[in-house]
Amino acid sequence: MSETIEQKCIAKGVKLTDQRRVIAQVMSESSDHPDVDELYNRVSKIDPKISIATVYRTVKLFEETGILTKHEFKGGKARYEEINEGHHDHLIDVKTGEIIEFVDEEIEKLQKKVAEKYGYTLVDHKLELYGVKKKSQ
């Protein structure tokens, strides 16, 4: 079982206030990489005293300490995802913001090949594909 965001905070020495704990719990339970507005909507249902500013500051803290990663998205929105040991890439629907996580062996091999072509050893990568869902025919 993977660590929760709360456990990662404790391991990294991040002080968990009651409000940060709620934000960490909601992020740990999220599978859709919420933006700050959506995260605020979810946490405020649990604790209405949590302000959107607190959510912004907490997400920024979690990002700066390597607990969350930020994915830029069109329209000035950014979605946040827990950093996990396992690797995956993203396919993002530009109309709905839906994110599909995937791992593709061919893409993995191609990225290593490209790095080698330019004289590098690939140590990590992040791939985000943006698309629009095809209409059913």
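Reader: How many helices and strands are there in the protein?
Author: The protein has 5 helices and 5 strands. Keep in mind that this is a predicted model.

Reader: What pattern does the protein follow along the sequence?
Author: The pattern reads α-α-α-α-β-β-β-β-α-β.

Reader: And what does the C-alpha trace span along its principal axes?
Author: About 50 × 45 × 30 Å.

Reader: What share of the residues is buried?
Author: Of the 137 residues in the protein, 35% are buried.

Reader: On to α2. Which of the α2 residues are buried?
Author: Val22, Ile23, Ala24, Val26 and Met27 are the buried residues of α2.

Reader: What covers them?
Author: The cover includes the helices α1 (5-12), α3 (36-46) and α4, along with the strands β1 (68-72) and β2 (78-82).

Reader: What span should α2 have, and how far apart are its end C-alpha atoms?
Author: With 12 residues at 1.5 Å a residue, α2 should span 16 Å. The end C-alpha atoms of α2 are 17 Å apart, which agrees.

Reader: Now the packing. What describes two packed helices?
Author: The angle between their axes and the distance between the axes.

Reader: At what angle do α2 and α4 cross, then?
Author: The axes of α2 (residues 18-29) and α4 (residues 52-64) cross at roughly 70 degrees and come within 10 Å. Angles of 65 to 115 degrees count as roughly perpendicular, so α2 is roughly perpendicular to α4.

Reader: Is that crossing left-handed or right-handed?
Author: The α2 and α4 crossing is right-handed.

Reader: Which residues make the contact?
Author: From α2, Gln19, Arg20, Ile23 and Ala24; from α4, Thr54, Val55, Thr58, Leu61 and Phe62. By class, this contact of α2 with α4 has 5 nonpolar, 3 polar and 1 charged residues.

Reader: What about α3 and α4, at what angle do their axes cross?
Author: At roughly 120 degrees, with the axes coming within 9 Å. That makes α3 oblique to α4. The crossing of α3 and α4 is right-handed.

Reader: Which residues make that contact?
Author: Val36, Asp37, Leu39, Tyr40 and Val43 of α3 meet Ile52, Val55, Tyr56 and Val59 of α4. The residues of this contact of α3 with α4 divide into 8 nonpolar, no polar and 1 charged. Val55 of α4 is in the contact with α2 and in the contact with α3.

Terms used:
Residues are numbered from 1 along each chain as its sequence is written. This is a predicted model: local features need pLDDT of at least 70, side-chain atom pairs count only at pLDDT 80 or more; totals for chains, interfaces and linings use all residues. Side-chain values use heavy atoms; hydrogens and water are left out. Axes are lines fitted to C-alpha atoms, for helices over the stretch in contact, and angles run from 0 to 180 degrees between N-to-C directions. Helices (H or I, at least four residues) and strands (E, at least two) are DSSP runs, numbered from the N terminus. Angles under 35 degrees count as roughly parallel, over 145 as roughly antiparallel, 65 to 115 as roughly perpendicular and the rest as oblique. A crossing is left-handed if the near helix is turned anticlockwise from the far one by less than a right angle, and right-handed if clockwise. Contact means heavy atoms within 4.5 Å. Ala, Val, Leu, Ile, Met, Phe, Trp, Tyr, Cys and Pro count as nonpolar, Asp, Glu, Lys and Arg as charged, and the others, Gly among them, as polar. The expected span of a helix is 1.5 Å times one less than its number of residues. Buried means under 20% relative accessible area, exposed over 50%, partly exposed in between (1.4 Å probe, protein chains only).
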